[in-house]
Amino acid sequence: MNYRFTYQQDTTRLELPVENKSGIPEAGQLNIERNAPLPLEPTPERKAETKKADTLKPQPKANGPTTAQQRYIWWQQENKLVVGDSRYIDPRTEIQLVSPSNNDNVGLQLPAHQLNQNNYDWLTFLLLVALAVFASVRTTWNKYMLHLFQSVVNNATSIRLFQEKNTSDLQGAFQLDIVFYLVFSVFTFQLLNFFQVDLPFKNGRLFLFSIGLIVAYFLIKKLIYRFFGFLIEKAGETKEYLFNMNNFTRVAGIVLFPVVTVIAFYPFSNIKVPVFSGIFLVGTIYFLLITRGFTILLNKQFSIFYLFLYFCTLEFLPLVLLYKILVV
């Protein structure tokens, strides 16, 4: 088989002849025919699209606040820092300065802030006396004190104490009565000072007025109770109620003792928290006493109408009269 090789610019083309042509060499001979290179068309140049750069126009600068506007802004900011109604802090007038002539041999002097609180030495003595009496009862009649607190919340314990009437506990009960009259009188004295009741008595005389008021109130109240009990033929029920009243007052004296002590030695000028805590304790004990009275008289088949009239006349009316006399 004869082949014909043609070279044109590094390209080899092989033709398979169908028939023998003239001028084709015999087998075994290589005929290479180099033709002239074909001219290549020039590559068209790419025209780069040139766009005109957008010319950036200089933006006008924002004008800042003027001097007057800045002063107004500063003034508005300073108005937020006012103290009370003033833009300036008021000086403290209670600081006393020591003159240099008298401070030669004294040393360092610090400003002193005086505590606006009255100090009563006699009040401290009364609280120590009440504490001593309470400690004596706590040591000697510990079991009686336990039953006393149980009788406040348990009616059965109160009935058992009323029926037993143990004479050995009478001395402890009498000492707790002393604690109650001392502590409750001090608490009344503190309430009169706290609410600034306008009375012609001050300090020690005001305390004597308070203790006289408390003793007279409870003494007259018990006498009226006994008279009404005798009048309506309910002396036994009245005695039982008065027995419970004494138990509740003794517990009130013990519970009020720490409150009165805190009020007397409170380190801050505002004593609202201990004062209202004491009022809440007294109100709670008084509510329990009224509830116990209703329970006793209802169990004795006492008329509800007379019961209501009984308590309104002997419990609520005296308190309203005292409020009107002392406050209004």
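Biologist: Among contacts between residues at least 6 apart in sequence, what share joins residues at least 24 apart?

Modeller: In this predicted model, that share comes to 71%.

Biologist: How do I read the way two helices pack, say helix 3 and helix 7?

Modeller: Start with the angle between their axes; 65 to 115 degrees counts as roughly perpendicular. Helix 3 (residues 142-153) and helix 7 (residues 235-264) cross at roughly 110°, with axes that come within 9 Å, so these two helices are roughly perpendicular.

Biologist: Which residues meet there?

Modeller: From helix 3, look for Tyr 144, Met 145, Leu 148, Phe 149, Ser 151 and Val 152; their partners in helix 7 are Asn 247, Phe 248, Arg 250, Val 251, Ile 254 and Val 255. Sorted by class, that contact has nine nonpolar, two polar and one charged residues.

Biologist: Now the largest nonpolar core: which members touch the most others?

Modeller: That core is a set of buried nonpolar residues joined through side-chain atoms. Here it has 55 residues, and Val 183, Tyr 225, Tyr 241 and Phe 311 touch the most other members. Helix 7 gives the most, with 13 residues.

Biologist: What does Tyr 225 touch?

Modeller: Leaving out residues up to four places away in sequence, its contacts include Tyr 241, Phe 311, Leu 242 and Met 245. Glu 315 and Thr 238 are also among them.

Biologist: And how much of the protein is buried?

Modeller: Buried residues account for 27% of the 328.

Terms used
Residues are numbered from 1 along each chain as its sequence is written. This is a predicted model: local features need pLDDT of at least 70, side-chain atom pairs count only at pLDDT 80 or more; totals for chains, interfaces and linings use all residues. Side-chain values use heavy atoms; hydrogens and water are left out. Buried means under 20% relative accessible area, exposed over 50%, partly exposed in between (1.4 Å probe, protein chains only). Contact means heavy atoms within 4.5 Å. Axes are lines fitted to C-alpha atoms, for helices over the stretch in contact, and angles run from 0 to 180 degrees between N-to-C directions. Helices (H or I, at least four residues) and strands (E, at least two) are DSSP runs, numbered from the N terminus. Angles under 35 degrees count as roughly parallel, over 145 as roughly antiparallel, 65 to 115 as roughly perpendicular and the rest as oblique. Ala, Val, Leu, Ile, Met, Phe, Trp, Tyr, Cys and Pro count as nonpolar, Asp, Glu, Lys and Arg as charged, and the others, Gly among them, as polar. A nonpolar core is a set of buried Ala, Val, Leu, Ile, Met, Phe, Trp, Tyr and Cys residues joined through side-chain atoms within 4.5 Å.
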